[in-house]
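Please consult the sequence and the coordinates alongside the text.

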Amino acid sequence: MSTDSNNSNPLQSLEEWEEFVEGRYPEPAQGFTPERDAAAFRDYENTARSSVREFYRLNHRYQCVDFVRAKREEFLGLSRERMSIWEAMEFLNTLVDDSDPDTDLTQIEHLLQTAEAIRQDGHPRWFILTGLIHDLGKILCLWGEPQWAVVGDTFPVGCAFSDKIVFPEFFAENPDNAVPAYSTSDGIYEPGAGLDRVLLSWGHDEYMYHVCKDYLPEPALYMIRYHSFYAAHREGAYEHLMNGHDKEMFAWVRAFNPYDLYSKSPVRPDVAQLKPFYQSLIDEYFPAKLAW
Ligand SMILES: [Fe+2]
Ligand SMILES: [Fe+2]
């Protein structure tokens, strides 16, 4: 994705999206209130870099019901590779983009920073492991998937797009607008159907959930599957599609979010020194090889 600035990959690196999200959703501890800051957030979106705007334009234009169904069909058979978790981390590390190797952290370093922040706060071992692996689905990029189909805030398709999603104006170009059944607030879903029945826009979250779903406790699976569903976990949208269990489990998604967004630091973690701890943690939950 680096040298050819082909327009399906407008971001310099996947981190460019994450930096945008971090600024768009400041830490609640800093006095953020959704009502007071709504105008500030609109300004923030309006002044976003053109690469980020273009990324969202593509994401909101092309993530529709047919696209999501096709990608689920293409990838959720998990028939591409058999790799261990650590091999997948090393594979993700081969992602070459326009980030600066001298100053920017590698993908493995990012994963370790998230996990270490969780570990330092004394959380259970499965929670630390979730921090380590939650973004491994970004390997989709290495199989040729465009950035807008790997990262980005996720949202339901098959029902009306919430105006709580960033850059809602870019949904104007989404083909699902022409399908009346997809345009009501419940769309193709029963009210309160539960998120498990709802198609979310396709990306690294849903893919990684399917890779892990037999191995981790349920709160970890919610964290992985919904960590980019900002309209729900930060803005409270789409509650009408959730069931009671989703609402309870979203407390975990919210507990995870600060580590995902605010654990970044310019200090490089010592990968060789940390590896034994993390390898034993991986072995505690995962088989030697997993289907990807
Ligand atoms: Fe992520
Ligand atoms: Fe992340």
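## Phenylalanine 171

Phenylalanine 171 counts as buried because it has 20 C-beta neighbours inside 10 Å. A residue is termed buried if 20 or more other C-beta atoms lie within 10 Å of its own, exposed if 12 or fewer, and partly exposed in between, with C-beta atoms placed from the backbone. Phenylalanine 171 is placed in the loop between H7 and helix H8 (204-212); helices (H or I, at least four residues) and strands (E, at least two) are DSSP runs, numbered from the N terminus. Not counting residues up to four places away in sequence, phenylalanine 171 touches His60 and Phe161, where contact requires C-beta atoms, placed from the backbone, to lie within 7 Å. Between phenylalanine 171 and cysteine 64 there are 107 residues in sequence, and a C-alpha to C-alpha distance of 9.9 Å in space.

## Basis of the model

The model is predicted: local features need pLDDT of at least 70, side-chain atom pairs count only at pLDDT 80 or more, and totals for chains, interfaces and linings use all residues. Residues are numbered from 1 along each chain as its sequence is written, while chains are lettered from A and ligands numbered from 1 in the order in which they are written.

## Helix pairs

Two packed helices are described by the angle between their axes and the distance between the axes. Here axes are lines fitted to C-alpha atoms, for helices over the stretch in contact, and angles run from 0 to 180 degrees between N-to-C directions. Angles under 35 degrees count as roughly parallel, over 145 as roughly antiparallel, 65 to 115 as roughly perpendicular and the rest as oblique.

Helix H7 (residues 125-133) and helix H12 (residues 271-285) have axes that come within 10 Å and cross at roughly 105°, and the two are therefore roughly perpendicular to each other. On the H7 side the contact involves Arg125, Trp126, Ile128, Leu129 and Leu132, which meet Tyr278, Leu281, Ile282, Glu284 and Tyr285 in H12. The residues of this contact comprise eight nonpolar, no polar and two charged; Ala, Val, Leu, Ile, Met, Phe, Trp, Tyr, Cys and Pro count as nonpolar, Asp, Glu, Lys and Arg as charged, and the others, Gly among them, as polar.

The axes of H8 and H9 come within 7 Å, crossing at roughly 150°, and these helices are therefore roughly antiparallel to each other. Asp205, Glu206, Met208, Tyr209 and Cys212 of H8 make the contact with Leu221, Ile224, Arg225 and Tyr226 of H9. Six nonpolar, no polar and three charged residues form the contact of H8 with H9.

## Helix H11

Helix H11 (residues 244-262) has 19 residues, which at 1.5 Å a residue should span 27 Å; its end C-alpha atoms are 29 Å apart, which agrees. The expected span is 1.5 Å times one less than the number of residues. H11 bends by about 25° at phenylalanine 256, and proline 258 follows within four residues; the bend is the angle between axes fitted to the seven residues ending there and the seven starting there.

Buried residues of H11 include Phe250, Trp252, Val253 and Phe256. The buried residues of H11 pack against helix H1 (14-24), helix H6 (107-120), H7, helix H9 (218-226) and helix H10 (230-233).

## Positive phi in loops

Most residues other than glycine have a negative phi. Phenylalanine 167, in the loop between H7 and H8, has a positive phi near 50°. Tyrosine 238, in the loop between H10 and H11, has a positive phi of about 70°.

Methods: Two residues are in contact if their C-beta atoms, placed from the backbone, lie within 7 Å.
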